[in-house]
Amino acid sequence: KWKFQEYKVVLSPFHPGMANRGNNVAVRWIYEDPEEQKRITAHEILMIHIWNIIDTNYPEAENDRGGIFWGLNEITTVMILGLEPNLNKLWTSEKQGTDNFLNNYPQLTDLKEELKQIYINKTSFSDYLTKAVNRIQAKS
């Protein structure tokens, strides 16, 4: 269940994209072509939703000093938008799938591939999240 009925997208002349944890506001860069930024805008909104799920199920995420839950959220959002057929078809061909995302976070490259396999083999989102958190916590 989504925490908020409505999500706001603020256009910024400074920040290319940001999901505000705990509220319903995402930030996007004002100078990007609207068609090109659809997937990133969806990514930021979905991250807000995933933060609510993580914070509800993993209270330790509040003190995520090592960024493991942030990384989990970034990767999970990419997996949902790029691997779920009904969502993936919404994007232009260069924005489909998972390969062209999170390249700006090289520290997530290996984990992204591991979590991709967990996501593909999930029986439910809850199953994925449990296995992904266990995997991340085992690595840290």
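Lysine 139 has its place in helix α5 (helices are DSSP runs of H or I with at least four residues, strands are runs of E with at least two, and both are numbered from the N terminus). At 43% relative accessibility, this lysine counts as partly exposed, where buried means under 20% relative accessible area, exposed over 50%, and partly exposed in between, with a 1.4 Å probe and protein chains only. Leaving aside residues up to four places away in sequence, lysine 139 touches Leu111 and Glu114 (contact means heavy atoms within 4.5 Å). Lysine 139 and lysine 112 are separated by 27 residues in sequence and by 13 Å in space, C-alpha to C-alpha.

The structure is a predicted model, in which local features need pLDDT of at least 70 and side-chain atom pairs count only at pLDDT 80 or more, while totals for chains, interfaces and linings use all residues. Residues are numbered from 1 along each chain as its sequence is written, and side-chain values use heavy atoms, with hydrogens and water left out. The mean pLDDT of the protein chain is 93, and 100% of its residues reach 70 or more; pLDDT is the predictor's confidence in each residue, from 0 to 100.

As a reminder, an α-helix has 3.6 residues a turn, so residues three or four places apart point the same way.

Helix α2 can be described in the same terms. Its 16 residues reach 22 Å from the first C-alpha to the last, close to the 22 Å expected at 1.5 Å a residue. Most of α2 is covered, with 13 of its 16 residues buried.

Histidine 43 lies in helix α1 and is buried, with a relative accessible area of 9%. Its contacts, beyond residues up to four places away in sequence, are Glu74, Thr77, Val78 and Leu81. Leucine 102 lies in the loop between α3 and α4, and it is buried as well, at a relative accessible area of 9%. The phi of leucine 102 is near 70°, a positive value in a residue other than glycine.

Three of them form an open sheet of mixed pairing in the order β1-β3-β2 (two strands pair if DSSP finds at least two bridges between them). β1 (8-12) and β2 stand at the edges with a single partner strand each, so one side of each is left without a neighbour in the sheet. Neighbouring strands are turned by 20° against each other on average, direction ignored.

β1 and strand β3 (residues 25-29) pair in the parallel sense over five bridges. Along this pair, valine 10 stands opposite valine 27, and serine 12 opposite tryptophan 29. β2 and β3 pair in the antiparallel sense over three bridges, and arginine 28 of β3 is the bridge partner of glycine 17. These two strands form a hairpin with five residues between them, where glycine 22 in the turn has a positive phi of about 90°. β3 is mostly covered, with four of its five residues buried. Helix α1 lies across β1, β2 and β3, and runs at about 155° to β3 (axes are lines fitted to C-alpha atoms, for helices over the stretch in contact, and angles run from 0 to 180 degrees between N-to-C directions).

Definitions and conventions
Expected span 1.5 Å × (residues − 1).
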